Amino acid sequence: MANGDSTPPLAIELSAINKSFGDVHANMDVNLKVVSGHIHGIIGENGAGKSTLVSILYGFYAADSGLISINGQTTMIRHSADAIARGIGMVHQHFMLVPNFTVLENVMLGHEGSLSVEASAQKARSALNKLSEDFGLAVDPDIIVENLPVGLQQRVEILKALFRGAEILILDEPTGVLTPQETEQLFEILHALREEGVTILLITHKLKEIMAITDDVSVMRGGKMVAHLETARTSPAELAELMVGRKVLLEVDHTQAKPGVPVMQAQNLCLTTANGIDQLKDISLTLREGEIVGVAGVSGNGQSELLDVLSGITAPTDGSFRVGTSEITAQQPSDPAQLRSLGVAHVPEDRHKCGIILPFSAAESMILGYSSGDGQNGGWWLSPSELETNCADRMQDFDIRPPLPKLASANFSGGNQQKIVLAREISTQPKLLLVGQPTRGVDIGAIEFIHKQLIALRNKGCAILLVSVELDEIMSLSDRILVMNNGQMVGELTRDEADEQRLGLMMAGIGADDVVTASQMGAKS
Amino acid sequence: MTPPPALPRWADVGLIPLINVLAALVVSGIVVAVIGENPFEAMMVMIKGAFVYKGSLGYTLYYATNFIFTGLAVAVAFHAMLFNIGGEGQAYLGGLGAGLTCLMFDSMFPALILVPLAIMASASFGAVWGAIPGYLQAKRGSHIVITTIMFNFLAASIMVWLLAGRLKAPGQMSPETRSFSANAELPFIHDIVNAFGVEMARSPLNLSFVVALLACVGVWVLIWRSRLGYAIRATGHSTGAAEYAGIPVSTIIIITMAISGGLAGMMAINEILGVQHRTILGFTSGYGFTGIAVALMGRNHPIGIILASLLFGALYQGGAELDFEFSTITREMVLLIQGLIILFSGGLAFMFNRPLAHLLGLLLAARSAKGGQNG
């Protein structure tokens, strides 16, 4: 199948791909042309069918119908081995690395090429060194993978693909786990790869990334390709509109906060692990009624641990915090159930691991954390019909789709799963809401909705502690912003003082003393 | 390796176990043919032996009673993602509980008090024997599979020690307690039915079967209708979510293992109170282990467990008949058939998922294509 003369050579050509899972038509007549040597983005909301499409391309699923051409040749891709043989490499959202192997062992795993590990290791080492040099992907081959930061682990994934001779690299939501700095580095690597002639297919739902790095972009919505655009000739607003099928507000309607009495006061909270690593150091903060306090920081600097301690999942090792009249200390720890009864609701950072239970029905996930039967709905028994009625109400209030309380939580899209969690936590009318990454992996329409809900809750007098790695989110929602670095609060900015540069410096721990402002951090603010 | 494709629920729950059993029977049939017997004839003998001959149904249900208890035990633990291999030992200890209660009180209390007391004792002894590994798992991190297996051996040793020693009836050689008085007996079903003037052949089937069915209802209510069951399932599906929710995970593990052990312990009432009327050595004879296959095949649901128990009960009873009818087919042959069923419905439980999913997919595609042409 030769291409037309005038068109550039195509690395990938998909035509009329269809794939259904039961009643769900995940891909409908999807066409895609990826020009060789370009960085091509596929953008779409969660559940738009992006991941299904690349899974078909990489041989994880077989398409129900449609044609795949790689470098102009129509091929059948039945297994990932077929894809690899045709020069396709994939970097998964969740890395496929053996954590206790070295970088070298991970790279050569499955491609040893000889019975002797020693001999293949030697061959792999020289190949790896060459790749590292050619593409500027420096990684120490003898380091154990689990000791590497996430950004470098991803680099190992890329090296693994290149080592297997990939000329087409698929990256599925590669920046979801990266810090802003690591994202920058990834983009540099991708540029370098393109210089070397590698074709890159980037799957993301982040507009910024598409604009920053791609040459072409395809937009998916509801299982269909809705547009193919040249990145230079489009705008974030246009892409956003194509993704959701309507215009979206990227800014939140944020009014002046009217903070009231303190709801929670923390004094010198510390958390030290069993092997002596300080995860939280002397954290003091006060949260008041009717304000949103954002916690900015590069992920892994203690924000998650702060949420765990304040929600009662982990006991502090020193210091204390007070909710209402209850004092929680290392000696008198609490638990999530007690804190919930004190009016502390918690939207966890990882909704799949904690926020919902995937095989449970939506109605069952809707009472997670509130199932013990204390308070208004006591007793030993659960009535499914009652749960379902309550769930149906919440689904209507929070526009959760599909509005089916019996549907397994796993079958909702990321945004709707997050809405289930939010609906559950907000509808208890909490005094304090702890929120971790409220919009991680959530599509634009849902982000807007979730932001509005948080503002509305604040206006009703709830205190909100917002932890997010999205600086935009922190800046557009928060009334005050605390910055964490290395387990410590390194500064506080008011809403007006905050800008990306200033926050970025503080997050990096550079010149923290210089940027702490007059409205000092701590309990007295 | 991609995960097996999703099957519709009816196929997963209904069709797959059926196909597994059929596959096991086909292989068994081949083996029967190889040793020179007619497999269809053998099959007929088994079915007749399990359901048709006089009293055979009673025997089948009597075996099924044991499997229901041990199957429920495995299922309850499995909902908390705990693999309780210790049903055998828990049932054995349950027999000790029932036995001790009867030895102590059988001349004191009437049946209406003694039998419930003995049932509670068997459940409590089994519960303790299950809860200890539960505690070790929850608080000490010892893996439940290892500890429950070891507790089977501990239970066996304790029972040998007691039955050959302190509990052995004076003046006799066999390692068993004295016979209990009639106060400790669970009535036979044929006695009850005959009392109503309906003719029924004698069999060891006793009121424990009804208790087993009640236990099924109880387990269903516990798992799907109670807050405790919610906590058990939440713990089983996602420890992280349970911790986030403030569910006391360690406590739930211990409670679940206690319930599981209690159910296994209740198996003893069928043998001790229902049939033997004394505690004897080795009365559990592997029912506890078969419970694992029963739960697996019954998809950890009480209804599935009842059906799987019936199948295994029929195999036990029909198998005995097979042994009786054919000189070439021995007891070992029957064990082989049981083994094949356990292999196909347990070890190879998901072997047919993928082909079946493909087949169903093709059928659906063909049907929708047809519909498309018509429409």
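Reader: What makes the length of helix α14 (residues 414-426) of chain A agree with that of a helix of 13 residues?

Author: Helices here are DSSP runs of H or I with at least four residues, strands are runs of E with at least two, and both are numbered from the N terminus. The expected span of a helix is 1.5 Å times one less than its number of residues, and for the 13 residues of α14 of chain A this gives 18 Å; the end C-alpha atoms are 18 Å apart, so the two values agree. The model is predicted, so local features are reported only where pLDDT is at least 70 and side-chain atom pairs only at pLDDT 80 or more, whereas totals for chains, interfaces and linings use all residues. Residues are numbered from 1 along each chain as its sequence is written, and chains are lettered from A and ligands numbered from 1 in the order in which they are written.

Reader: How do you know how far α14(A) is covered, and what covers the buried residues?

Author: A residue is buried if 20 or more other C-beta atoms lie within 10 Å of its own, exposed if 12 or fewer do, and partly exposed in between, with C-beta atoms placed from the backbone. By that count 12 of the 13 residues of α14(A) are buried, and the helix is mostly covered; among them are A:G415, A:K419, A:L422 and A:I426. Contact means that the C-beta atoms of two residues, again placed from the backbone, lie within 7 Å, and the covering elements of chain A include β16 (344-347), α11 (351-355), α12 (362-365), α13 (384-397), β17 (432-436) and α15 (444-459).

Reader: What makes the peptide bond from A:R401 to A:P402 worth a remark, and where does A:P402 lie?

Author: That bond is cis, with omega near -10 degrees, and A:P402 belongs to the loop between α13 and α14 of chain A. Most residues other than glycine have a negative phi, and most peptide bonds are trans. Against the phi part of that rule stand A:D29, with phi near 45 degrees, and A:N71, with phi near 50 degrees.

Reader: How do you know whether A:D29 and A:N71 are buried, exposed or partly exposed?

Author: A:D29, in strand β2 (residues 24-35) of chain A, has 14 C-beta neighbours inside 10 Å and therefore counts as partly exposed. A:N71, in the loop between β4 (65-70) and β5 (73-75) of chain A, has 17 other C-beta atoms within 10 Å, so the class is again partly exposed.

Reader: Which parts of chain A are called domains, and what touches what between domain 2 and domain 3?

Author: The bounds come from an automatic or database domain assignment, which gives domain 1 (10-244), domain 2 (249-343 + 430-525) and domain 3 (351-428). In chain A, 15 residues of domain 2 are in contact with 14 residues of domain 3. On the domain 2 side, α10 and α15 of chain A give two or more residues, and α15(A) gives the most, with 5 residues. Ala, Val, Leu, Ile, Met, Phe, Trp, Tyr, Cys and Pro count as nonpolar, Asp, Glu, Lys and Arg as charged, and the others, Gly among them, as polar; the domain 2 side then has 10 nonpolar, 3 polar and 2 charged residues.

Reader: How many residues does each chain bring to the contact between chain A and chain B?

Author: Chain A brings 20 residues and chain B brings 15. From chain A, α10 (336-341) and α11 each supply at least two residues, and α10(A) gives the most, with 3. This side of chain A divides into 13 nonpolar, 4 polar and 3 charged residues.

Reader: What makes chain B as compact as a globular protein of that length?

Author: Chain B has 15 helices and 0 strands. The radius of gyration is taken over C-alpha atoms, and the globule rule is 2.2 Å times the number of residues to the power 0.38. For 375 residues the rule gives 21 Å, and chain B has 22 Å, so the chain is as compact as a globular protein of that length. Of the 375 residues of chain B, 50% count as buried.

Reader: What does α14(B) pack against, and how do you know that the span of this helix agrees with its residues?

Author: The 17 residues of α14 (residues 331-347) of chain B should span 24 Å, and the end C-alpha atoms are 23 Å apart, which agrees. The buried residues, including B:M333, B:I337 and B:I341, pack against α1 (9-34), α12 (287-297) and α13 (302-325) of chain B.
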